[in-house]
Amino acid sequence: MAVSKPVAVGPIEAPEGKKLSGAQILCECLLKEGVEVIFGIPGGATLPLYHALYEYPIRHILVRHEQGAAHAADGYARATGRPGVCFATSGPGATNLTSGIANACLDSSPVVAITGQVATPLIGKDAFQEVDITGITQPITKHNYLVTRVEDLAPVVKEAFYLATTGRPGPVLIDIPRDVQTAKTNFGYPKGIRLPGYKPTLLGHQRQIRQAAALIGEAERPVILAGHGVIISGAFADLRELAEKGDIPVITTLLGISSFPESHRLSFGIPHTICSVYANTAVNESDLLIAIGMRFDDRATGKTSHFAPKARVIHIDIDPAEIGKNVRVDVPIVGDVKNVLMSLNKEIALAKHTEWVEQINRWREQFPLTIDTETDVLLPQYVVQQIYGVTEGKATIVTDVGQNQMWAAQYYCYDRPTVSSPLGGLGTMGFSLPAAMGAKVGRPDELIWAIAGDGGFQMNIQELATVVQDKIPVKVAILNNGYLGMIRQWQQLFFERRYLGSPLSGPDFARVAEAYGAAGFRVTTKEEVRPTLIKAMEYDGPAIVDFWVAREENVYPMIPPGAAAIEMIHGPQK
Amino acid sequence: MKHTVVALMEDRPGVLNRAVSLFRRRGFNIESLTVGHTEVPRVSRMTVVVEGTANIVEQVAKQLYKIVDVIKVSDVTQDPTVVRELALIKVSTTTATRAEVMQIVDIYRAKIVDVAPDSLIVEVTGPEEKVDSLVSLLRRYGIKEMVRTGRVAMVRGAAKAATTIEAKE
Ligand SMILES: Cc1ncc(C[n+]2csc(CCOP(=O)(O)OP(=O)(O)O)c2C)c(N)n1
């Protein structure tokens with residue numbers, strides 16, 4: 001079997017001041033930025049890059065579709081906190097990246113995408129495989145560059161990594177024409193950058209912080225809404241300190257899962273169109289929301305005019321544009337979550353909200369997330385619970401989108417920091433396998449389980465070849481219901497059960513996995529779940545388990561489209 | 001209410017494109033937009049007239065700040081400013097109407113910059129209301145072609161654009 005990249009040829013002397021080609025300069029810059037792996041597919045417009053990369057100690061992982069490269073870079077970035085890098089050639093290679101780039105953009109993930117472009121004299125002439133990728137990706141990147149002179153390359157790469165990883169992180173794309181890759185110039189990696197228009201605010205404003213502390217002191221029914229920003233800034237301990245000191249219940253957004261230990265007595269689930277009743281009820285009754293590193297996404301709020309009607313709002317975020325964008329805010333604090341929480345924790349007093357916490361606990365008892373344990377039917381929720389049981393909560397879970405994602409959020413108990421990599425803003429089907437692959441490459445010692453639906457899994461199924469060739473032992477659980485399940489659920493509840501376009505046939509996933517060279521299992525009964533999960537984990541390589549789950553199981557509770565969070569629909573009482 | 005927002009930006013490729021597509025994507029109601037060089041090399045100045053509430057203007061500013069090359073955004077609506085627009089108007093004339101048109105142009109302290117047998121080109125500078133009222137007077141003679149630059153604005157006195165919108169607080 002082919003190996004994707006020869007063994008690294010020892011440390012490269014940094015030949016600063018020597019004339020290098022654009023391609024070599026790029027590789028030198030990537031080394032300086034500490035890049036250890038690139039996900040990509042070569043093409044005519046990137047061949048000089050590959051020619052140069054051959055000599056550098058950077059691993060190249062050949063994916064099977066560029067969308068997979070972008071998701072893998074994204075998964076790598078989320079798992080490690082370091083920027084993920086992907087390569088694609090001009091034209092179709094570049095356009096194939098776009099779903100992955102948009103996904104990274106909406107989820108603030110530091111991805112650096114590098115594309116080849118036709119030679120500068122051909123730009124604008126509709127040359128073979130020419131697309132205006134900087135134009136195409138302008139609204140889905142934090143910033144992007146078309147490098148037209150080799151002299152600009154090193155400063156651009158330096159800036160690109162800086163922008164991708166600082167402030168509110170996000171994807172940055174660098175488009176490099178073929179002739180810029182081959183042109184030569186003196187190389188020296190710039191020490192600093194000059195970006196007069198870019199100065200992220202890191203420290204919160206002291207006056208605002210004191211105001212926030214005063215509101216917290218007065219509140220009787222406070223709730224913390226913790227988002228992705230807590231994870232990005234690594235503020236786990238600070239969030240916990242705030243919650244415990246102020247005795248404040250914590251609810252996490254979907255992307256905020258694992259920012260706060262879910263077994264904690266103050267942890268109360270996720271407010272979402274589809275999720276826990278008690279979390280939504282708590283938000284609805286609260287008199288103070290402390291929103292931390294989250295952006296009041298419509299999936300989290302339902303109809304904003306009816307969102308948290310009784311509450312004053314403190315909003316902490318590093319991106320000033322998020323504050324006041326979706327809901328009105330009483331105390332805005334712009335800054336890095338960790339810094340702000342450190343200051344805020346000094347200002348607040350020890351408090352007790354015993355009655356309020358008990359009240360939410362009563363709601364939790366009233367509307368529990370339970371599953372039917374008596375039934376012989378193989379329920380998807382049961383599968384997720386068992387994954388939790390077998391992994392003892394020690395796996396990183398990477399989900400796809402659809403019902404599978406909601407069950408993975410509801411029925412796995414996330415207790416450690418960053419043990420969940422769900423996708424949020426874009427909800428791109430096909431995310432889980434390539435993102436799990438990227439996460440595994442970044443954290444080889446971590447056990448990674450992808451949880452996908454049979455629909456989403458088929459959207460990037462080709463990456464099975466990548467995980468086999470590059471020996472990336474991810475584990476995948478397919479919750480196979482023979483439907484685009486979430487679509488079917490909506491059709492059932494809001495569109496008169498007209499199941500057009502949602503019934504889905506698929507291949508025998510276990511045999512497909514084996515055909516690719518991975519281990520494949522099928523599970524159709526409850527008894528098989530646990531032993532098969534164990535087998536899949538013991539297998540020394542990528543393993544896929546195809547769970548034939550109850551076909552028409554629904555996710556409850558859910559908020560109907562356009563409704564307020566409090567109008568959610570409950571499942572049949574079991 | 002109409003707001004005049006002034007943004008200073010690094011003159012780098014794509015920055016105007018970014019600003020314009022941001023207005024389109026976020027659905028901001030832009031009435032006019034002008035861009036040009038400033039006294040500082042490599043810094044451009046954009047003047048946008050945007051219709052909306054104070055909240056909307058705040059969002060415009062914050063979203064503009066997200067563009068890496070945008071250095072400073074100010075809302076100069078409440079400041080004492082000099083506001084100007086320039087228009088070129090090609091008016092149909094006959095021997096009978098030419099004198100009349102020239103008289104109107106005179107009253108508005110506008111200029112005739114081109115004369116042809118059946119038309120004149122009028123150049124006018126001033127606040128939009130002045131341009132609007134001249135245009136409406138000339139309309140009855142027949143406007144064959146017109147171009148307006150949109151508003152540019154500068155704060156009076158020593159201060160530079162005074163009310164910077166602090167997206168970076
Ligand atoms: C690329 C893409 N296309 C379409 C959708 C719309 N969509 C959202 S959920 C869903 C169904 C997913 O079905 P499946 O992967 O089988 O997961 P399930 O809901 O059954 O768990 C679809 C089609 C999407 N999110 N992404």
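Residues are numbered from 1 along each chain as its sequence is written, and chains are lettered from A and ligands numbered from 1 in the order in which they are written. Because the model is predicted, local features need pLDDT of at least 70 and side-chain atom pairs count only at pLDDT 80 or more, while totals for chains, interfaces and linings use all residues; side-chain values use heavy atoms, without hydrogens and water.

**View 1. Five parallel strands of chain A form an open sheet.** The strand order is S10-S9-S11-S12-S13. Helices (H or I, at least four residues) and strands (E, at least two) are DSSP runs numbered from the N terminus, and two strands pair if DSSP finds at least two bridges between them. S10 (250-252) and S13 (331-334) of chain A stand at the edges with a single partner strand each, so one side of each has no neighbour in the sheet. Neighbouring strands are turned by 15° against each other on average, direction ignored. Strand S9 (residues 222-226) of chain A pairs with S10(A) in the parallel sense over three bridges. A:Thr252 in S10(A) is the bridge partner of A:Ala226.

**View 2. Two helices of chain A lie against the sheet.** Helix H11 (residues 277-285) touches S9, S10 and strand S11 (288-292) of chain A. The direction of H11 makes about 120° with that of S10(A). Helix H13 (residues 337-347) of chain A lies across S11, strand S12 (312-317) and S13, running at about 130° to S12(A). Axes are lines fitted to C-alpha atoms, for helices over the stretch in contact, and angles run from 0 to 180 degrees between N-to-C directions. Contact means heavy atoms within 4.5 Å.

**View 3. The largest nonpolar core has 50 residues.** Such a core is a set of buried Ala, Val, Leu, Ile, Met, Phe, Trp, Tyr and Cys residues joined through side-chain atoms within 4.5 Å. Buried means under 20% relative accessible area, exposed over 50%, and partly exposed in between (1.4 Å probe, protein chains only). In soluble globular proteins, nonpolar side chains tend to be buried together. The residues with the most contacts inside the core are A:Ile224, A:Ile292, A:Ile314 and A:Leu344. Leaving out residues up to four places away in sequence, A:Ile224 touches several residues, among them A:Leu239, A:Leu242, A:Ile251 and A:Ile290. A second, separate core of 49 residues includes A:Val37, A:Ala79, A:Ala88 and A:Met437.

**View 4. A:Ala311 sits in the loop between helix H12 (298-301) and S12 of chain A.** A:Ala311 is buried, with a relative accessible area of 4%. Beyond its neighbours within four places in sequence, A:Ala311 is in contact with A:Ser286, A:Asp287, A:Leu288, A:Leu289 and A:Arg328. The C-alpha atoms of A:Ala311 and A:Glu285 are separated by 7.7 Å, although these residues are 26 residues apart along the chain.

View 5. The contact takes 26 residues from chain A and 20 residues from chain B. Three salt bridges are found across the interface; one counts when a side-chain nitrogen of Lys or Arg is within 4 Å of a carboxyl oxygen of Asp or Glu. A:Glu159 and B:Arg12 meet in a salt bridge at 3.1 Å, N to O.

**View 6. A:Asp319 and A:Arg168 meet in a salt bridge.** The N to O distance is 2.8 Å. A:Asp319 lies in the loop between S12 and S13 of chain A, and A:Arg168 in the loop between helix H6 (150-165) and strand S7 (172-177) of chain A, so the pair ties together parts 151 residues apart in sequence. A:Asp319 counts as buried at 5% relative accessibility.

View 7. B:Glu58 is partly exposed, with a relative accessible area of 35%, whereas B:Lys62 is buried at 9%.
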